[in-house]
Structures are given as C-alpha cells and as structure tokens.
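Q: Please take a close look at one residue and its surroundings in this structure. Then set that part against the rest of the model.

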Amino acid sequence: MLENLALFCMRHRKVVLGLVVFLTAILANFAYKIDVKTVFEDLQPGSHEYIKVHEQFKDTFGGTNIMTFMVQSTEGDIFQMPVLKKIRDLTKGLYSIDAINEFQIFSIAGKKLKETRASTVGIESFPYMWPELPETQADIDYMKEAILRSPLVYGPFVSKDLTATLITVDFFDNLLDFNLAYEQAYDLVKQLDDETVDISLVGNPILYGWVDHYLPETMKLISIAASIFLVLLFVINRTWRGTILPLLSGAISAIWALGVAQLCGIHFDPLVVVVAMLITARAVSHSVQMMTRYHEEIDKVDDNKDVNSLSAATTTMKDLLRPGLLGIATDAGCVTVVAISPIPLLQKLVVLAVVWVGTVAISSLVVTPVLLSWVKNPKSYAHPLNLDLLVIRPFLDICVRVVATKARYVVVFLATIVFIGSGYLAQDLDVGDSNPGSPILWPDGRYNVDSASINKQFPGADRMFVVVGGVEEGAKNEFGGKVVGKIKNVEILDGMLRFQQYMEQQKEIGATISVADVLPSVNQTLREGNFRYSELGTTTDQNGELLFMFERAAEPGDLLRFTDVDINYASVLMYFSDRKGDTIATAIARVKQFIKDNPELQELANFRLAGGIIGVIASVNEVILSGQIQSIALALFILVMMCMFVYRSSIAGLFFMVPVVLANLVTFAFMSWQNIGMNINTVPVAALGIGLGVDYTLYICDRIKGEYDSGKTHLEAIGISLHCAGRGVLVTALVLIVSVGVWLFSSLRFQAEMGMLIGMWLTVSALSALFLMPAMAYIFKPKFIFNEERDQTTDAADSALTDSTPA
Amino acid sequence: MSENNTAVEKTSEISNTAESIVQKIAKLIVSIMPWAIVGTLLWAGIFIKPTAVIEEVIPPVINVRDNIFGLSKVNSDVYMAVGNYGKIIISTDKGKSWESQTAPTVSHLQDITSWDENNSVAVGNNGVTLRTSDGGKNWIEVESPKSETANKLLRVHSYPDGEGWAVGEMGMILQSLDYGETWKQMREEEDVFMNDIVRVNDTTLFIAGEFGLIFKSADNGQTWKDTQTNSPNSFTAVAFRSPQEGVVVGLGGSIVATSDGGETWTYIDPKVSGMTEHLMDVDWSDETNEWVAVGNKGKWIKFSADMTQFDSRNLSDTDLTSHTELAIDGGSFLSVGQTVGAMEIKSNAWTLFAD
C-alpha cells in the first residue's frame, strides 16, 4: 500500500508539489500573524480544586500577578527623610503603571497599612505616613516605634533590621499586559534608584516581562542555530540540494504548523520554542535520511551509465516511507499522551506538536524525494572536501566492526550498566522547581538576584492563601435573612490561629496573616493594653464586637484583605521564601495534615486549598507529578503497540523500547544531577523525547530487514544499513547537536537547560542506534528483522548440502 | 552397527526432547514477556499516581507566635514557663534552651509556680488549674472554685509546706495547702481583677488589684481590706524585699511603694520615673541592690529602694516586644513574653533565647 502511495506521488509529482506550494503560501499568511506571548492562565490546570478556589477568591485575597518592590536603604535604616521620601515617591509612582489594582497597594506610605491605637472613643487607626511625610525627627521616631510594635507590619513589610521595606501591588488580571507592566515598573525603579536606596523588583508580571524581553535574543539564537546547521549540512553533504532541502522541509513544517495553530486560535508561547526546535529537528532528520538513501541509489549506477533521478527518488521514497511514517506516527502518538494533563498550555501544545509532527510526513517524506526526482546532475558536488571519506565512513566502519566482533557484548554490557546507573540516579528527580528563584532565568540574572535579596530580608515574596469558612448557597439565618459573619465564630478564629502557628513551623514559610491576627491586638487594646489579654474574645459575640471596633477604626475595605464583605469567608495568607517543589509539597501536605488532625474544626470551618501564586504552582506540580508516570508509561505503551502492529511481532515492541527507555533514563539522571526539576516546561520535552528516541533505530533496523530479506547475510545487512541509514543518523545527530548547542548561550536558563537535555537525548539515541541496537539485533537475531521463513530455507539448503556430502 | 545407530538416535532423540522442552519454555517466556510488559505499561499508565516526598518539619519548642506569660524559677539552673494554648516548657540551663511538656488543656496558661523540682502548679484562662508532682512528666487538671461570669486566673505563687495562692478575674483568690491538689476560695466574688499576690510574713498577704487598689490581709487571707492608692491605673504585680518594704507596679508605668508594711503607699509619678509604658512584673535584685520591672513594648526599668533613682530602658533597639514576667538570677534576669531572653542588669545587654 505504501509502495503504491509512493508511486502515486511520483507519478503526479507536479500536482503534489503544486499543492504543497499552494498550501504553504496560504498557511504562511496565517503563520505570519501568530501571537507570540505567554498567557499565565494557560499554565493553570482549570479543573484542579486549588485553581477553583484561587479563581473564586483571587480578586479578594490577592492573585498571582503581584508585583513586589523592595526599597533598601544603602546606609542606616529606612527611618530617615531621604529614604522615606523615596518610599513615598515609589508608592505614588505605582499609579502610573497600567492595570494596577489601586485597592491592593500595600506600603508604609499607603493608606492600607496602619497603626491601631486606643483612645477615649475606643479604637482609632492612622496610616503611618499617608498622605503626608512626617515632618520632624520626633514624628519619624514615633512612626518607627509604631511600626516596630505592629506584627502585621514589622516583619512582613519592614525588615527585622529596619533597613528595607516592601511595597506590593496587585493587578487586574484581565487588563494586564506583561510587557507594558514590566517596562513601566522598571522605568519607575530607574527614576528612583540612586545612592540613597537600592530597589529590587520581583513578581510574575516582571518574570514574564523578562521572557518577552529576551524574545529578540531568542530569534537571534534561532537564526544562528539555523546558520550553523546550514553550513554543517553543506560541508558534509557537499551539495546545495543536501543543504537546502532539509531546511526547506523544516520550514514547510513550521509554516504549516504555525498557520494551523493561528487558525485554531492557539498562540505561540516563547517558552515552548524548544519543542518547536525539536520537531523541526525531526523534519530535518527525515529529510536527510531521504537524501542519503537517494545518493546511495545514484551511486549504485555505474559512472558511464545515465543516471535517472526519478527512479532513484522513487525507490528511496518507496523504501523509506515505512520507517519514516512509523517514526512520525510514534512521535505524534507519544506526544498526544501529554494532552491527558488538565493544563491548557500543554493541551494547546499537544495540538501544535501533533499538527507539526504530522506535517513532517508531507514536508520530509514527500517533498524531499519529489524535489530530488528533478535533480539533473546528481553526481556533481559543490566542494571537494569529502568528510564522508575522512570521518563518516571510518566511524561507521568502527560501528560495523563492533557488531562483527566480541565488542558487541561489551556494548550491551556497558549499556546495561548505564541503564541501571541512570535508573538509580533518576529516582531523585524533583517535581517542581529544584532551586530557589525562578528556574526560567539564570541565578545571576537581575530578577533572581533581586528575588534573593528580598527573600533574605523578608519572610518571602510569594504567597499562598487558604480559604476558611463559607456558608451554603441560599443559607438563611434565624430571621430568614442572609447569613453573615460566620468567621466571627470563636472556634473558627481560634482554629485559624492554631493553623497559622502550625504552618509557621516550616522554615520556608516566613509568616502567615489572617483576620484572627488582628483581633488579639484589638482585644489587648480594649483591655487597657494588658498583654495577658492579647488573645481572641472568649465568645462569638465578643469577637463580633472586636471586629466591629476594628472596622470602625479602619477604612471601608481594609478588612477585605482578610475576609469577604459578608465575613463568611476568611483567608490565611502565607509568605513563602522560595518556590521549590519540595517546599510547596511539604506545605500542602501540612495543610492537609492539620485538617486531618482537626476533623471537628474542618467540619465547622472548612479549610480549603489554595490560592495565590504558590497555590497555583502547587496545583501544577501535583498534576505533573501524578501524570509523570502516567504519561511516560502511556507513551511507551503507544510506541510498543505501534511497533508491534507495523512489524507484526510482539518482540519488535520490546526491541524498540530499549533505546527510548535508555535515552529517557539518562536524561532524567542528568536532570536530577543538574537539579533541573520536572515542571510544566520539561514535561512536553520528555514526552516528545519518547517518540523521537526511536526514530533513528527505526531507520537502521528497517534497512537491516530490507537487506536481509533480499538475500544478504546477517552481517552484510547490518553493514549496508549502518553505512546508509547509519550515515543519515550520524549526520543529523552531529548537525543537530551542534545547532542545539547554541542554546547553551541563551539568557533564559530554561532554554539553555532544554538545549542541553535535547543534545543529550540526541546523543544517547544516536549512539544506541549506531552501536547498541545493531549489536542487539546480531546477538538476539529477532525474527521481525531476520525473517524466519528465509532463514529456514537457507537452513534447509544448508542441511541438505551437509546431509548429501557423506553419501 | 544398527544397534549402535539406534542407541545414538535414541540419545539424540532424548537430547532433542530435552532441548525442545527448554526451547518451548524459552519460546513461551519470549512470547509472554512482551505482552506482560505491555500490560504493565498500561496498568502503570492508568493506575500509578506517585505522591510527593514530604520533608519532615521539626517544630521549634518556642514559636514566633508563642506568647510565654508565666515563669517560675525552680532553682538557679532550672526554669519552667507557661504560655498560650496550654504551652508548658522547662529549661535546665538558665533559659538558653527549652523542652516541651504535655499539658491536658489548650487553654492559655498565665502563670506557673514551683515548690521544688517535683511539685508545680500552673493556672490560666477558664480557671484551669494544673498540677504535677513529678517535675512535669505528667500534668493533671485539678478542680478549683469557679465563677459563673469570668474565670481567668492570672498569677499563682507558692510558699513552704505546699501552700499556694492564685488570683484572677472576678476578685478570685484561691488558696491551696496541699501542693495544689485542692483549692479553696478565700473571698467573695466581686467584679474586680486580682492581678498578683504575695505573702509577706506568717500572717500578711498583699494583692495588686484593678483601678489602683491594693488588698491586704493580716489573718492569712480570712479577711481582706482594700486601700485606694493615688495611682489612676490598674496594678499588675507586687513584690516585697522585707516585711516593711515593697512595691506595686502597673499599667501606664505606675509605681507605688511602701516602707511601713503597706500602711501607706507613695505614688511615683511617671514623669519622675520616666516610664509611661505598662509594667507587668517587678522583683528585687540583691546583687545589684535595686528593683527591676519589665513591661510592654520592650521597656524595662530599674530603681533604687528609696525611690530616688530611676533608670528606664529598652531591652534592645529592635526588640519592642511585650513581656509579662521576670525571674532574678544574680545580676541578671530572665524575662518572658512575646520573646524569651536574659538581661544583664548593669550593662543592659539583652540576649534573646527565643522569638
């Protein structure tokens, strides 16, 4: 059937080419318009319970897009006029940033952070320095004491050594433009940062602003990689067609995939550029295989005879369609598994990747041989440097010799050791980020330096909130009215305080804040300031009174940081000093443990996980962790089933699993050694890797089978295959590994790490295809490669010969 | 010849059958294995959900959020302290490090007192009264008289032969004569806070009360007489350095002193002492020969026995936390509250032991 398809394509090659050109022209139009941006919501697994809680409460208790400024005095503490002025200016300057939520600005120069004092009329509260700065030194001293006394400010917003203060601002998610916010925020910092203060700046809008900031560099790296790739192909293949055609395949695939993505309304996230590279690499790899085979067919023809490009191209296509399509099908099948994940980014990525991989079937497997069929003078070369003679053939000879000698056992033995060793190391692979700071950027990048200095001075810039309380929808109080004030329940408030204390035992949780923290100080103030009464009211009524006192002294909305309008829900806000996977998993587990240890409280107060940036990351990590084994196992399952189906042999499935599992384990071991965590960015690379790892082996084994079927001995078949298909493997691996190496110089750490991982993957896959798999094929002689029927006839012939001799 | 041949054939047949059995088994394994692996993969893909590895968190004995309200000096090395949520802790190295004990209550504990290394009593919110007779290995809650209105017990003190006195809200005065096993109410209920109590000699006791009131009993607590001092504020602590000389301190920096066994009390104006913050506890230091008091917002004060010299200080520049009790140890004192630390009285050097 495949042969007919190949013949059909060749017969109507003009029509086929015309169609491809036409489609490419149309899709290029769309591809050109594709949106390149990061949409944070896409990273959230919408069906996860944490995300539901987060979405419900993010506007009240703080979303994921919080920007945090730290103003650090260069000399002495912040309580000196020039520094206070800077703090005031920065706070005022926030209003010049688009899309900020002005009700969510927290600064000692704002009106939300205040001092609470007792007075003749009860309780009053005053902003520390809003709207005016203090005037005299006495005013400053008074303010300093007031801040030192407030546990809600001293610690969370003013550092313990008094040299730094935090200013945080939240954004309206739907209005937020990361790039704009990034630029405006850094402009503000630039205006104010001088010799009196150092200003650090972190937060999600800034982080994604940085990714976009490096977009031009990313484009530059892509073009450098492409150039290196072209030069290498030209040097090795010695023909323009050997250079241009693989590139053309890559380009057509990319245009089709991006065009279709744009049509489906999928945007292109700069963070997935590595996946794009990986797929393009596959397109190129298939094209080079075609090219190599074509040249072999041409070389078979004697020099003095007329060469027929069309027939060479037809044979090439006919023979390579099976391993090529199988390779593409496994790639697509394996990456589809990622779509099980409830994370929209990954689902969209799967659509993009499957389309992209699918187009390779046309761009490489059809377009390359079709174009080759028109080559006029296939035996001419563009330059005399013949690397084939100098490097490639000698290397492939070594490969053949390894299989032919006892060295093949050494190869299998070594592979087994690597297998076991990396399998052992891979167990330590982390889920989530392995390092503090953002794994997207380098540790010495400005963002991570700023993040480190903020986390040194403060309990942490990253937040998670747990929601407490809540009433059933439509619940009525005893008078038939709306239920309000559920949180005032003394047991709930007491439970919240105990919960906060429990959570703070984890050292990465720098502080926790809730409405329950406000009440003891109000109570103490009412009890003449006696510290022995720094506790909650003893009854629900008393707590209601305390809350009322606080609200009367506060401005409307001040309490909304802690509770909803009806005071039926409250948040417990926790500050984290890092986003490491272990830290977050431990915190989440401890919340669950607390709930489990306090069943009566849970029934009453209904603690719910979890919002804020840490809550969102926690949900992503949980999804990835629970899907980690799932996606790898299912991807392998698909691979095995496809190989079984195509080769009609159960052993074939197992055989082709070997290089994939090996490449996977080595890469995982490398990740765990280099502290690269398994996160939303690495998961698709891992799944794609399963499909890709098998491509090289498919070409080599399919060729061995073909040669053996046509009557060659075991070793002859292996030798021919290694010198043809093996050459394609070697060339693509070499060229791609060098091109991928360009990413090591990326300013985005994530890209560099992914480049490293892909390079590693390609190396392991290529080495196992060239050494391990032929050795295994020769040692075990699986029947799907070395056809049984042919074997038996030769055996019969052999035995007939030996039988007849003595007679 | 033919026999030999048959024998050879037979052996080869036998070896053939043996071989074929081995081969069959091998074949069987080879044909089953792929499907077994495929099945395993499918099973793993559907059912295996790994769970995160959790780091163990070892909580510190004293947390940031712990408020330590009460302190008891058992001997020069051993201290016991109590705080919110039924916290009971013990130190055997002058407060540098602490160990937790298990209390049968989650009520906030306000004070603790010790007769010796074995016998101690702790009191607190909701009138809770705990005692131990084995150095705190086991704490048990004991019955004590309660009011219907409010029951917070604020201070407890111990005297030789198992005598103990506890005071609290609603004019509560309790006495125990058996190391805290049973308690007897020593005065009618009244809406006045009794904040601290001290025994001065065989017959006389003083109580620091609310609204500038001092209560005196000259008959071992059978009857009580109140004195209104010139202080407008409530008192929080009372201490005597001899049956004649004593001081009472309180909110707003109040200090009153007597040198005639409590017949008359002299009010020290906060302007004179330089102390306007609440004072929560007071005691006499023999070694430095002066009174020492601690209180809110990181303030402490030392003053001479003749009430002529006052020296009001901060614990440190940044520790503005509130403290409720102190225990003198030679030339220094241990102080508890929002933080736990030790102060060198002469040099004003503050060492923090716990946040």
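**A close look at Cys701(A)**

A: Setting aside residues up to four places away in sequence, Cys701(A) touches Met773(A), Ala777(A) and Ile785(A). This is a predicted model. Cys701(A) sits in helix H25 of chain A, which covers residues 695-709. Is Cys701(A) buried or exposed? Cys701(A) counts as buried, because 28 C-beta neighbours lie inside 10 Å, and the cut-off for buried is 20 or more. Phe499(A) is 202 residues from Cys701(A) in sequence. In space, the two C-alpha atoms are 61 Å apart.

Phe745(A) is placed in the loop between helix H26 (714-741) and helix H27 (749-780) of chain A. Phe745(A) is exposed, because 12 other C-beta atoms lie within 10 Å, and 12 or fewer is the cut-off for that class. Leu221(A) is 524 residues from Phe745(A) along the chain. Even so, their C-alpha atoms are separated by 8.4 Å.

Now the whole chain. Chain A has 28 helices and 10 strands. Its C-alpha trace spans about 125 × 55 × 50 Å along the principal axes. Of the 807 residues in chain A, 54% are buried. Take the contacts in chain A with a separation of 6 or more: residues 24 or more positions apart account for 81% of them.

Next, the nonpolar cores. The largest one has 270 residues. Leu636(A) and Leu639(A) have the most contacts inside this core. Helix H22 of chain A, residues 612-647, supplies the largest share, 23 residues. Leaving out neighbours within four places in sequence, Leu636(A) is in contact with Met657(A), Val660(A) and Ile690(A), and also with Leu41(B). There is a second, separate core of 78 residues. It includes Phe531(A) from chain A, and Phe235(B), Trp300(B) and Ile301(B) from chain B.

The two chains meet through 38 residues of chain A and 39 of chain B. On the chain B side, helix H1 (residues 2-47) gives the most, with 10 residues. That side of chain B has 21 nonpolar, 14 polar and four charged residues.

In chain A, helix H10 (residues 273-300) packs against helix H11 (residues 309-336) at an angle of about 155°. Their axes are 9 Å apart. H10(A) and H11(A) are therefore roughly antiparallel, as the angle is over 145 degrees. Their crossing is right-handed. The H10(A) side of the contact includes Arg282(A), His286(A), Met290(A) and Tyr294(A). The H11(A) side includes Ala312(A), Asp319(A), Leu320(A) and Asp331(A). By class, this contact has six nonpolar, five polar and five charged residues.

The other pair is helix H6 (residues 178-192) and helix H7 (residues 204-213) of chain A. Their axes come within 8 Å and cross at roughly 100°. H6(A) and H7(A) are therefore roughly perpendicular, since the range for that class is 65 to 115 degrees. From H6(A), the contact residues are Phe178(A), Asn179(A), Ala181(A), Tyr182(A) and Ala185(A). They meet Pro205(A), Ile206(A), Tyr208(A), Gly209(A), Asp212(A) and His213(A) in H7(A). The contact of H6(A) with H7(A) divides into seven nonpolar residues, three polar and one charged.

Key
Residues numbered from 1 in each chain as written. Chains lettered and ligands numbered in written order. Predicted model: local features only at pLDDT ≥ 70, side-chain atom pairs only at ≥ 80, totals over all residues. Axes fitted to C-alpha atoms, helices over the stretch in contact; angles between N-to-C directions. Helix = DSSP H or I, 4+ residues; strand = E, 2+ residues; numbered from the N terminus. Parallel < 35°, antiparallel > 145°, perpendicular 65-115°, else oblique. Left-handed = near helix turned anticlockwise from the far one by under 90°. Contact = placed C-beta atoms within 7 Å. Nonpolar A, V, L, I, M, F, W, Y, C, P; charged D, E, K, R; others polar. Core = buried A, V, L, I, M, F, W, Y, C linked by C-beta atoms within 7 Å.
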